[in-house]
Amino acid sequence: MKTAKNGRDGRTRIVEGALRRFSQDGVSATTLASLREESGVSVGSFYHHFASKEHVFGVLYAETLRMYQDAFLAELHRHEGAREGIEAIVALHMSWCGEHRERAHLLISERPPRREEPGGTEVSESRRAFFRTVSDWWRPHMKNGLLQPVHPTMCYVLWLGPANEMCRLWFAGAHQPTSEEIGGLCEAAWQSLRQPGS
């Protein structure tokens with residue numbers, strides 16, 4: 001008889017195996033058979049926990065996004081100054097991606113689930129709450145003439161776009177970022193987002 005503990009273990013094995021396969025092969029190239037083989041579970045055990053490969057991806061993406069957002073917001077709230085906060089987040093991004101390479105690869109390389117797809121509602125709601133919290137930190141600095149008034153999408157691109165590109169090179173084995181380069185990414189983010197004269 002399957003115990004609650006064994007049930008949790010089976011689900012965990014599936015999620016951990018999926019993370020390895022998705023990171024290595026990409027979601028589209030990963031098959032259901034390879035997910036089962038990687039996790040070492042039977043067909044029945046897999047379908048006890050998940051309805052499809054897309055279901056596993058949606059759960060994994062939503063879980064990973066929450067992990068990243070929690071780390072982001074914890075770091076952001078440690079910094080009252082505009083420049084300090086902007087630069088600290090770039091450094092945090094690089095550090096988090098280095099410590100959680102498979103999960104970071106998922107966030108950077110895969111399209112997030114749409115609202116109607118498994119995990120899509122959780123991702124959408126998580127993002128809405130996240131951007132609202134970031135905006136609450138941003139707004140006083142904008143009113144004080146330190147940070148530009150930018151749309152959340154543009155803010156993300158200017159703040160972390162170059163860091164994401166560096167991570168892509170890093171994950172592909174093409175380049176190992178140095179501390180000086182990470183410092184340059186921090187400076188570039190500040191220069192992109194600050195108001196002129198600040």
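Modeller: Contact here means heavy atoms within 4.5 Å. Helices (H or I, at least four residues) are DSSP runs, numbered from the N terminus. This is a predicted model, in which local features need pLDDT of at least 70, side-chain atom pairs count only at pLDDT 80 or more, and totals for chains, interfaces and linings use all residues. Residues are numbered from 1 along each chain as its sequence is written, and side-chain values use heavy atoms, with hydrogens and water left out.

Just after α8, Gly 173 takes a positive phi of about 80°.

Buried residues (under 20% relative accessible area, with a 1.4 Å probe and protein chains only) in α8 include Trp 159, Leu 160, Ala 163, Asn 164 and Cys 167. The buried residues of this helix pack against α4 (53-76), α5 (82-99), α6 (101-109), α7 (120-143) and α9 (179-193).

His 93 is itself buried, with a relative accessible area of 3%. Leaving aside neighbours within four places in sequence, His 93 is in contact with Leu 160, Ala 163, Asn 164 and Cys 167, and also with Tyr 68.

Phe 72 touches Trp 159 and Leu 160, and its other contacts include Ile 89 and Phe 130, not counting residues up to four places away in sequence. Phe 72 and Trp 159 also belong to one aromatic cluster, together with Tyr 68, Trp 96, Phe 130, Phe 131, Trp 137 and Trp 138.

Rings of Phe, Tyr and Trp (its six-membered ring) pair if their centres lie within 6.5 Å; planes under 30 degrees apart count as stacked, over 60 as edge-to-face and the rest as tilted. By this rule there are 12 aromatic pairs. The rings of Tyr 68 and Trp 96 are edge-to-face, because their planes stand at 75°, with centres 5.2 Å apart. This pair links helix α4, which holds Tyr 68, to helix α5, which holds Trp 96, across 28 residues. Both Tyr 68 and Trp 96 are buried. In contrast, the rings of Trp 170 and Phe 171 have planes at 25° and centres 6.0 Å apart, so that pair is stacked. Trp 170 and Phe 171 are both buried.

How values were computed: Buried means under 20% relative accessible area, exposed over 50%, partly exposed in between (1.4 Å probe, protein chains only). Helices (H or I, at least four residues) and strands (E, at least two) are DSSP runs, numbered from the N terminus.
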